[in-house]
Amino acid sequence: MELRLPRKSMTAILSAMVVGTVICTSAFMTGDTQAVEDSAAYTQPAVKSINASEEANENNAVSLWKADLSEYSGGLSLVSYEEVETVDEETDEETDARGVIRSESQYPEINGATNLDVPDREYTDPVNIESGNFGFTVYGYGHGVGLSQNGANFYATYGGMSYQDILAHYYPGTYISNTGTAQDEVISANGISGSVSDIVSRIVFTEIGSSMNVEAIKAQAIAIYTYIKYHGGSVDDLYPSSSAPQNVVNAVNSVLGQAVYYDGSFALTMFCASSGGSTASCYDVFYEDIPYLRSVYCEYDSQCDPHYGDVDVISAAEVKSTLESYLGITLSDNPSNWVSIIEGDGGYAAYVVVDNQVTVKGNDFRYYLGLKSPKFECTYY
């Protein structure tokens, strides 16, 4: 028998939040224009609880609920993956540890956007989940806020988008302007200082490699430069590689000095590996409501992204042990009541109600269980 876990009423939860003690405090909520300035201090989420009691579903109706392992080295950028590459012998397709595709055959070096045919998605056998286990179907990789690296590549390769189009899509309401200072600037990342061209090129190579569409590389370069400028020219949560190949350097130099602005100031240009069909609202994931970091539809994810619809199977015993350890509670004997999603924009979990005892951020919940993204569905079998 399989049970789909009930979805909680957003109205009920928000009402409880207004009436009860304000609990939306964390390293990600600063209350000023720095938005998520303290992100580098993020190691594991603090427990945040509210009155989550609500009447049980009278009919035990079958319903879906939706809910991200933190893969960003204590910061907001998806940067902490090991550079381990695998090769599929049949396709000769290379991917890094995230599944960001690095295949010269599928993504040749392209001098500008293209409109290639979208490939058919490969069929995969459904996962057989035994009784007593939770099945988490996860969409995307990373927090889901801002620019999707795989998504940018898909839009440039299959949708004909330029880097300007890509940035406008993922950061709606922003504009691009040249700082006019990049030629002579020194910037720093993770304690390494250098010219804008050098540091940005090396971070781009760490983030996405060198074989994505050049328009996606340019978009990533501008997002990185803007992110560093937003933080005053120095960050600790982006990691330069030892060097960068010439095609990456050329792409970075072609947009050198260009940055993303909102209302006259540098934008907080967050990014992640992939976005699971839509990006997430910053408010849903990190509390801060930023006008240009809201959910947008991502056209090619469902057909092209390798992280779309991954299934993680976790035993009820492991879920119980993990949640009790992180939250300091004792779960009931009814696993079907342990997890209920309060869905935010784009299908991401804004909050998760745990056993009607505590309510936590969906992004924190995915950290607890090691899920790739806060956009997921769950079934208890």
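Predicted model: local features only at pLDDT ≥ 70, side-chain atom pairs only at ≥ 80, totals over all residues.
Trainee: Let's start with a single residue. Where is Ser278 found?

Mentor: Look in the loop between strand 12 (271–272) and helix 7 (282–286).

Trainee: And how do I tell whether Ser278 is buried or exposed?

Mentor: You check the relative accessible area, and under 20% counts as buried. Ser278 has 7%, so Ser278 is buried.

Trainee: Which residues does Ser278 touch, not counting residues up to four places away in sequence?

Mentor: Ser278 touches Ser295, Val296, Tyr297, Cys298, Asp301, Gly346, Tyr348 and Lys375. With Lys375 there is also a polar contact between the two side chains, at 3.3 Å.

Trainee: Now backbone angles. Which phi does Asp355 have?

Mentor: A positive one, about 55°, although Asp355 is not a glycine. Asn356 also has a positive phi of about 55°, and Asn356 is not a glycine either.

Trainee: Where is the place of Asp355?

Mentor: Asp355 sits in the loop between strand 15 (349–354) and strand 16 (358–361). You'll find Asn356 in the loop between strand 15 and strand 16 too.

Trainee: How do I read their accessibility, starting with Asp355: buried or exposed?

Mentor: Use the cut-offs again: buried is under 20%, exposed is over 50%, and partly exposed is in between. Asp355 has a relative accessible area of 5%, so Asp355 is buried. Asn356 is at 23%, so Asn356 counts as partly exposed.

Trainee: Let's zoom out. What should I expect of nonpolar side chains in soluble globular proteins?

Mentor: In such proteins, they tend to be buried together. Here, the largest nonpolar core has 61 residues. Those with the most contacts inside that core are Leu147, Ile166, Val200, Val204, Leu238 and Leu293.

Trainee: Which helices and strands each supply at least two residues of this core?

Mentor: Helix 2 (149–158), helix 3 (163–170), strand 7 (186–189), helix 4 (196–208), helix 5 (214–230), helix 6 (246–254), strand 10 (258–262) and helix 7 each do. Helix 5 gives the most, with 12 residues. Apart from this core lies another, of 26 residues, among them Ile314, Leu323, Ile329 and Val339.

Methods: Residues numbered from 1 in each chain as written. Heavy atoms only, no water. Helix = DSSP H or I, 4+ residues; strand = E, 2+ residues; numbered from the N terminus. Buried < 20%, exposed > 50% of the residue type's maximum accessible area, 1.4 Å probe, protein only. Polar contact = N/O pair within 3.5 Å; in protein donor to acceptor, adjacent residues only side chain to side chain. Contact = heavy atoms within 4.5 Å. Core = buried A, V, L, I, M, F, W, Y, C linked by side-chain atoms within 4.5 Å.
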